[in-house]
Amino acid sequence: MTEKTTTTTATVELDTPVVRGETIIESITLRKPTAGELRGVNLADVLQMQTDALIKLIPRLSNPSLTDHEARQMDPADLVQCGGEIASFLLSKRARGETA
């Protein structure tokens, strides 16, 4: 289940928690990227939820910050859920049905 906290962040409850040593990460908060954080990523790939683009962005946008390796090891369902949230950040307010 995904809970929107604001239009600039989204919390994703992971189906399969990420295990980092003795720490278990059960949810991550993704934040809206800045233009600089999108550097080197094809926006069409992000909107189409291409795996490589998402794996590159998730470590840049997640809190707690996942490593590249952890992003590559994510459950596919969690990757898709994160991808949907990241793609929604790229839409205009009008496209999301929000008012100014």
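Of the 100 residues of the protein, 36% count as buried, meaning under 20% relative accessible area with a 1.4 Å probe and protein chains only. This is a predicted model, in which local features need pLDDT of at least 70, side-chain atom pairs count only at pLDDT 80 or more, and totals for chains, interfaces and linings use all residues. Residues are numbered from 1 along each chain as its sequence is written, and side-chain values use heavy atoms, without hydrogens and water.

Start with the overall layout. The protein has five helices and four strands. Helices (H or I, at least four residues) and strands (E, at least two) are DSSP runs, numbered from the N terminus. Along the sequence the pattern reads β-β-β-α-α-β-α-α-α.

Now look at helix α4. This helix covers residues 76–89, 14 residues in total. Of these 14 residues, 10 are buried, so α4 is largely enclosed by the rest of the structure. Among the buried ones are D78, L79, C82, I86 and F89.

Next comes a partner, helix α2, at residues 51–61. The two helices pack at an angle of about 75°, with their axes 10 Å apart. Axes are lines fitted to C-alpha atoms, for helices over the stretch in contact, and angles run from 0 to 180 degrees between N-to-C directions. That angle makes α2 roughly perpendicular to α4, a label for 65 to 115 degrees.

Which residues of α2 and α4 make the contact? From α2 come T51, L54, I55, L57, I58 and L61. From α4 come L79, C82, G83 and I86. Contact here means heavy atoms within 4.5 Å.

Conventions: Expected span 1.5 Å × (residues − 1). Buried < 20%, exposed > 50% of the residue type's maximum accessible area, 1.4 Å probe, protein only. Parallel < 35°, antiparallel > 145°, perpendicular 65-115°, else oblique.
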